[in-house]
Amino acid sequence: MSDCLFCKIARGEIPSKKVYEDELCYAFYDIDPQAPVHFLVIPKAHIASCGAIDAENAPVVAHIFQVISQVTKEMGVTDFRVVSNCGPQAGQSVPHLHFHVLSGRDMTWPPG
Ligand code: AMP
Ligand code: ZN
């Protein structure tokens with residue numbers, strides 16, 4: 001989508017601090033980190049949220065989880081949390097599917 005913030009980041013039109021990239025997904029550090037390690041993983045193709053995952057686009061989501069496992073291993077990160085907020089009430093502020101990966105501090109449960 002032409003005016004989507006994360007589509008623009010995936011295309012390199014808005015600068016970001018890259019963690020990982022391949023043909024299907026892009027990972028970059030969150031601009032407002034909530035933990036010592038906080039990066040986002042997004043599909044390069046626009047998907048609005050977890051609520052828009054279907055049989056056709058689900059393979060990229062599986063791929064993203066594989067990437068999260070690989071990248072955290074490479075970082076030496078063993079304990080981490082993966083979060084995807086779906087919809088404004090759940091805290092989604094950017095309407096392009098993204099998975100937060102947070103690590104490096106004690107986490108509380110349930111999340112607020
Ligand atoms: P959410 O609120 O779950 O939709 O997550 C959106 C995340 O994107 C927030 O944690 C923001 O800090 C982050 N964010 C917004 N703009 C940028 C940007 N230009 N570069 C990196 N992260 C961003
Ligand atoms: Zn988008």
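The largest pocket holds about 730 Å³ of space. A pocket is defined on a 1 Å grid over the protein atoms alone, as an open set of points where a 1.4 Å probe fits, with protein on both sides within 12 Å along at least five of seven lines. Its volume is the space filled by probe spheres set on the points, which are joined across faces, edges and corners. The model is predicted: local features need pLDDT of at least 70 and side-chain atom pairs count only at pLDDT 80 or more, while totals for chains, interfaces and linings use all residues. Residues are numbered from 1 along each chain as its sequence is written, chains are lettered from A and ligands numbered from 1 in the order in which they are written, and side-chain values use heavy atoms, without hydrogens and water.

The pocket is lined by 31 residues, of which Asp30, Gln34, His38, Leu40 and His100 are the closest to its centre; a lining residue has an atom within 4 Å of a point. Two or more residues each come from helix 1, strand 2, strand 3 (37-43), strand 4 (80-83) and strand 5 (99-103). Helices (H or I, at least four residues) and strands (E, at least two) are DSSP runs, numbered from the N terminus. Helix 1 gives the most to this lining, with three residues.

Ligand 1 sits in the largest pocket, meaning that more than half of its atoms lie within 2 Å of the pocket's grid points. The shell elements that give two or more residues are helix 1 (5-10) and strand 2 (25-29). Around ligand 1 there are 16 residues, and Asp30, Asn85, Ser93, His98 and His100 come nearest; a residue counts as near if one of its heavy atoms lies within 4 Å.

Polar contacts are pairs of N or O atoms within 3.5 Å. An oxygen atom of ligand 1 is 2.8 Å from a side-chain N or O atom of His98, and a nitrogen atom of ligand 1 is 3.1 Å from a polar backbone atom of Ile31. For His100, a polar side-chain atom lies 2.8 Å from an oxygen atom of ligand 1. Taken alone, ligand 1 exposes 500 Å², of which the protein buries 83%, by the Shrake-Rupley method with a 1.4 Å probe.

Notes: Polar contact = N/O pair within 3.5 Å; in protein donor to acceptor, adjacent residues only side chain to side chain.
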